[in-house]
Amino acid sequence: MLKKLLQQLRLWLKIILVNKQRREDQKEMRGSAASPGIARGKVFLKREPVIEIVKRHIEDTEKELRRLDNAVSCARNEIEQIYINAINNVGEKAQIFEAHLMILDDQELVRTAKDTVKREKVNAEWAFKATTDSLIDVFRNMDNEYMRERAADIRDVTARVMKILLGLEPSDFSKLTEEVIVVARDLTPSDTAQMDKDKVLGFVTEIGGRTSHSAIMARTLGIPAVVGVEGIIEGIKNGDILVMDGEEGCVYINPDEKIIAQYNHKKKEYEEFRSQLRELVGKESTTKDGIKKELAANIGTPQDVEAVCANDGEGIGLYRTEFLYMDRDSLPSEEEQYEAYKVVAERLQGKPVVIRTLDIGGDKDLRYLELPEEMNPFLGYRAIRLCLDRQEIFRTQLRALLRASAYGNVKIMFPMISSREELLQAKKILQECQEELKEKEIALNENLEVGMMIEVPAAAIMSDVLAKEVDFFSIGTNDLIQYTVAVDRGNKKLADLYTQFHPALLRLLKNVIDNGHKAGIWVGMCGEVAGDPQMIPLLIGMGLDEFSMSPASILRARRIVRNSSFTKLKEHVNHVLNLSSASEVEKYIHNHISV
């Protein structure tokens, strides 16, 4: 009897110890949701070798220069092959590797490294790293998150050249033999592009943000991703089991049966949800009570149009033209711009294409323009201010836009307008360009719509005056929020203050929409808020006419529109506008008007 009792006690103790170990092994970690989807699988831990570059004195500098030329050439060949493969896997997102090739083709970059080799008689590795490190620092210290993430592209290219110089093998995710979830400190665009979708169930990184190229490509490939999970590398090992939620930004290491069951159910629901969204292709974006909304997309290049069409976008609400001006040594010609605008206008086959004029300055600098250094470039010489001052640049772009307007439903939009005087001057220059083209008998749409962005509080407050001068407004919430609440949107320490739920912002939005409608013009929105599932019902209730967002968000937004009643949401808006804090607004939306 006693022996049997002791055996039971030992069994219970063993069960207690096993459960205790399971609880210790099981960890919940959080990061930023980068690409939606649920995944469960075995961990493949990517640990990059620490590459230590030692500065060495070299007598035979010609040999070092040949080594550097060879490494750059080999890196270019590798990237070209990745680019070819990426075109098949991620379509237009493969242009990332065009940028990588441009970095290697930057004669100034390579020449500076070579000059360092010759001047200081040092090894090629050290010279190249010293040169690229300074360029990485420039991007890393920019205010804008998107531009900061571009430092990762330079690091990717630099690491590839370094590995060739040092005789190290590059990372290759195309040779995985089993299904895994990749965990890494960071992933380069090259890593992501080479991932086998049949083997990589998802990935988790310790650093990075939603705007990193690896995150963008994960969304394109349909691979769930969570980024910015601090401490993930130290808390995990190869073979651990991981459950990850790319929608909520949650990661569970060695989860128990309860968590696994919960996420299996959630994954099934998510897959059913995605299937339901695809059924909305070709359907009207109309509320239950018959109010039509236009769901358009934001794009940066002509190649992005395919994603718009694939997601049944009803037009382009923002074509960011500044990307034509970046990653090059001189201004794009009128002909080059005309072709880039024309191909988009033709591809949309009569659907609206709202093209924003050059928005350079602030966080987007062009070396060849030699813009002045400013204490606060976001409040300085940028966008329409630069264009009105450097009219030769502005007129070249306007002529290209007007010529492209003959091939589709092109609309022109001026950014960063803060006064009526600026708007009238911009319109006057546009009219002069129209007359110039007509005299030369060049085809154009003489009745194209002209609008402006509302992204400065001054413009929002004076929207009743400005509405009389344009055919439409497009609200740029990214800048409007930061200017309204005086918070840099890239400052993580103040992230809680940068919120779309701030009552002051909501009152400005309602004011702009109402003033636009009183003047008989339509009002759209092209900032991130336009695609926010929490905000869309509120914006419907405010009467917003057009929502422009990431192509991948369009069908989800259509579902919200079709499940909404404008009449009911309008009543909720009246209540929300009387709330006094962002937390109250968010709570009310969650409890009363989420669709």
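How many bridges pair strand β4 with β5, and in which sense? Strand β4 (residues 180-184) and β5 pair over 5 bridges, in the parallel sense. We'll come back to that spot, but let's get our bearings before that.

What you're looking at is a predicted model, where local features need pLDDT of at least 70, side-chain atom pairs count only at pLDDT 80 or more, and totals for chains, interfaces and linings use all residues. Residues are numbered from 1 along each chain as its sequence is written, and side-chain values use heavy atoms, with hydrogens and water left out.

How confident is the predictor? The score here is pLDDT, the predictor's confidence in each residue, from 0 to 100. The protein chain averages 86, and 88% of the residues score at least 70. Residues 15-24 are another matter: the pLDDT there is below 50, and beyond near neighbours in sequence this stretch has 0 contacts in the model. A contact means heavy atoms within 4.5 Å. Where pLDDT is low, the predicted coordinates should not be read in detail.

Now for the overall inventory. The chain comes to 23 helices and 16 strands; helices (H or I, at least four residues) and strands (E, at least two) are DSSP runs, numbered from the N terminus. Of its 595 residues, 51% count as buried. Buried means under 20% relative accessible area, exposed means over 50%, and partly exposed is in between (1.4 Å probe, protein chains only). Among contacts with a separation of 6 or more, 68% are between residues 24 or more positions apart.

Back to β4 and β5, which belong to an open sheet of 8 strands in the order β1-β8-β7-β3-β4-β5-β6-β2, with mixed pairing. Two strands pair if DSSP finds at least two bridges between them. At the edges stand β1 (27-30) and β2 (32-35), each with a single partner strand, so one side of each is left without a neighbour in the sheet. The twist averages 30° from one strand to the next. For angles, axes are lines fitted to C-alpha atoms, for helices over the stretch in contact, and the values run from 0 to 180 degrees between N-to-C directions.

Follow the bridges and you can walk through part of this sheet. Ile 181 has Gly 202 in β5 as its bridge partner. Strand β5 (residues 200-205) has 5 of its 6 residues buried, so it is largely enclosed by the rest of the structure. From β5, 2 bridges lead on to β6 in a parallel run, with Val 204 partnered by Val 226. Helix α10 (residues 257-278) lies across β3 (38-46), β7 (241-245) and β8 (250-253), running at about 115° to β3.

The other sheet is a closed barrel. Its 8 strands run β9-β10-β11-β12-β13-β14-β15-β16, with parallel pairing. Neighbouring strands are turned by 25° against each other on average, direction ignored. For a close look at one pair, take β13 (residues 450-454) and β14 (residues 472-475), which are parallel over 4 bridges; Gly 451 stands opposite Phe 472 there. Helix α14 (residues 391-404) touches β11 (352-356) and β12 (409-414), and its direction makes about 155° with that of β12. Helix α15 (residues 420-439) touches β12 and β13, at about 140° to β12.

A couple of loops deserve a stop too. Most residues other than glycine have a negative phi, and most peptide bonds are trans. Gln 349, though not a glycine, has a positive phi of about 50°. This residue lies in the loop between α12 (334-347) and β11, and Gln 349 is exposed, with a relative accessible area of 68%. Met 416 also has a positive phi, near 60°, and its place is in the loop between β12 and α15. Met 416 is buried, though, at 2%.

Last stop: helix α22 (residues 566-576), where Val 573 lies. At 1% relative accessibility, Val 573 counts as buried. Setting aside residues up to four places away in sequence, Val 573 touches Lys 510, Leu 538, Gly 541 and Met 542.
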